[in-house]
Amino acid sequence: MILDAFERHQIKRQLRKVNKWAPKMRKMSDEELKSQTKILQKQLADGKTVDQILPRAFAAMREADLRVLKMFPYDAQVMGAIVLNQGYIAEMKTGEGKTLTATLALYLNALSGKGAILVTPNAYLAQRDEEQLAPVYEWMGLTVSTGFPKDDPERKVQPEEKRKWYNSDILYTTASNLAFDYLFNNLAANKDGQYLRPYHYVIIDEVDDVLLDQATSPFVVASAPMLQSNLYRLCDDFVRTLVPKRDFTVRRRDKAIWLTYNGVQRAEQYFRIRNLYDDESREVYRHIALAMRAHYFMKNGHDYLVEKGKVVLLDETDGRLKNGVKVNTGLHQAVEQKEHVKVTDNQKTAASITFPSLFGLFDKISGMSGTVKGDEDEFINVYNMKVVQIPTHKPVIRKDYPAKIYLTTSEKLMQALNDAITLHKAGRPILLVAGSVENSEIISELLLDRGIPHNVLNAFNIAREAAIVKDAGQPGAVTVATNMAGRGTDIKLGPGVKEKGGLAVIGTEMLPERVKLQLAGRAGRQ
């Protein structure tokens, strides 16, 4: 959204005030700088507003970032933090340093003692940011935590441990953790089982992913399981006998599948029923439909993985595993039967919430992203949040080449492979991006055939993500990744790489525009 002249003037005015404080903060000793936290907290207690103490607070935290993290937020980052404090969305191009920008707004809004939360799309980013930034917050006298156990994300956590997390001044967590914690907190039988305090301030990192892409998917806590049906096995066996076109028709464009007249007759004979479409046979027909969807629309390596005898869904936008998440209506169980693993219970809903409802509970909500410009009307209409574009610190020098279209998949992959080999010989690091886990494995095999050493970053080896990303910018490094390398992953360049042209990103298939921008950002960071 284009701000009016008064709003632009206000942001720049606040920036000038922050910059005016900078020399004073630079002259302070470490102890004097640390004492600013208590001074600012007292000013708030004495009646000053957050906006009134913003220049001094931002200047103090800015200097602390320099002394502890050896990074001094640029003017563009300070402007981004001013926008975040206003409850708007800051659009900062990928690589402009949103992580550091957030330290200013989180510090300021945590001074009230009511807590400030930063929400990320996944646990890797939340843990990474908390570990990188905890030293500066603690240096300034604030407490910081993650909203999940860092030692083992699957470990069961007691209410008292969660209470400690949520009582921290600053909390880094994921959107899904926040949603489930809210539901379990409200389902607690007594106060001893509750751990949340009233929500105060939140920054949503990758706000378009959280508030738009995942807006309609409810988070559900299930109650006692329903009686399990043996129709999953029977219908799976039946569907395996069907012949395409003769017994059923598939329209993949609309994700539609249905039995032909011949298929209906075969079903009635197989299950010994008179009419597949009458009320008495409704459950049989439903389970046949589920089995057909499981076989023809749910693909192993693309929509889910089978891991340790369990079906685990994949997030198609970034290729990450969605542990604990199930497709409802019985489709998950149909996929389990298809893969011949234990069929889990189909459960009733005890409580559910969507992200729009969850984040509506906060006193103040803000967000940041590098790819939100195209969705600004939706943010205004649905969330009443303005999108403010922050200028880049330096001109963008990344080269963006037009897409190339090929007639066959093999021709396309061979061209991508040849381009990668040429760049590899020149000593440039390469990121080859695939749209699915399955495709990333195919590209990996092609590279192995050519004798090219490489790393693969997909849901199979998410535990090594940090190590893979750390090496991805080294001279001659080749990394094959799903879209999971797109959001928030900072690939730092090794020695001499900048002079050779920097990181080359090759997308091996057509991806959504927002994902393309995120991946392009891997090669154009400040």
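Student: Where is Phe359 found in this predicted model?

Tutor: Phe359 is found in helix α15, residues 355-359.

Student: Why is Phe359 called buried?

Tutor: Buried means under 20% relative accessible area. Phe359 has 2% relative accessibility, so Phe359 counts as buried.

Student: What is Phe359 in contact with, leaving aside its neighbours within four places in sequence?

Tutor: Phe359 is in contact with Val119, Leu178, Val202, Ile204, Val210, Leu211 and Ile365. Contact here means heavy atoms within 4.5 Å. Also take Tyr199. Phe359 and Tyr199 are 160 residues apart in sequence, yet 8.9 Å apart C-alpha to C-alpha.

Student: What does Leu106 touch, not counting residues up to four places away in sequence?

Tutor: Leu106 touches Ala116, Ile117, Leu118, Tyr137, Ile170, Tyr172 and Ile203.

Student: Which residue with a positive phi follows α5?

Tutor: Gly87 follows α5, with a phi near 85°. The C-alpha atoms of Gly87 and Asn384 are separated by 9.7 Å, though the two residues are 297 apart along the chain.

Student: Is Asn384 buried or exposed, and how do you know?

Tutor: Exposed means over 50% relative accessible area. Asn384 has 66%, so Asn384 is exposed. Its place is in the loop between α16 (376-383) and β14 (387-389). Asn384 also has a positive phi of about 55°, although it is not a glycine.

Student: Why is Lys255 called partly exposed?

Tutor: Partly exposed lies between buried, under 20%, and exposed, over 50%. Lys255 has a relative accessible area of 46%, so Lys255 is partly exposed. Lys255 lies in the loop between β7 (248-251) and β8 (256-259). The phi of Lys255 is near 55°, a positive value in a residue other than glycine.

Student: Which residues of helix α21 are buried, and what do they pack against?

Tutor: In α21, residues 513-520, the buried ones are Arg514, Val515, Gln518, Leu519 and Ala520. They pack against α10 (207-213), β13 (364-369), β15 (430-433) and β18 (504-507).

Student: How many cavities of 30 Å³ or more does the structure hold, and how much space lies in the largest?

Tutor: The structure holds 3 cavities of 30 Å³ or more. About 90 Å³ of space lies in the largest cavity.

Student: What lines the largest cavity?

Tutor: There are 15 lining residues, and Lys114, Gly115, Ile117, Tyr166 and Arg197 lie nearest the centre. The elements giving two or more residues to this lining are β2 (116-120) and β4 (170-174). By class, the lining has 9 nonpolar, 3 polar and 3 charged residues.

Student: How do you know that the radius of gyration agrees with a compact globule?

Tutor: Set the value against the rule. With 526 residues, a compact globule would have a radius of gyration near 24 Å; the chain has 26 Å, which agrees. Along its principal axes, the C-alpha trace spans about 85 × 65 × 45 Å.

Student: What share of the residues in the chain is buried?

Tutor: Buried residues make up 49% of the 526 residues. The chain has 21 helices and 18 strands.

Student: Among contacts between residues at least 6 apart in sequence, what share joins residues at least 24 apart?

Tutor: The share is 73%.

How values were computed. Residues numbered from 1 in each chain as written. Predicted model: local features only at pLDDT ≥ 70, side-chain atom pairs only at ≥ 80, totals over all residues. Heavy atoms only, no water. 1 Å grid on protein atoms, 1.4 Å probe; cavity = no way out; pocket = protein on both sides within 12 Å on 5 of 7 lines; lining within 4 Å. Points joined across faces, edges and corners; volume = space filled by probe spheres on them. Helix = DSSP H or I, 4+ residues; strand = E, 2+ residues; numbered from the N terminus. Nonpolar A, V, L, I, M, F, W, Y, C, P; charged D, E, K, R; others polar. Buried < 20%, exposed > 50% of the residue type's maximum accessible area, 1.4 Å probe, protein only. Rg over C-alpha atoms; globule rule 2.2 N^0.38 Å.
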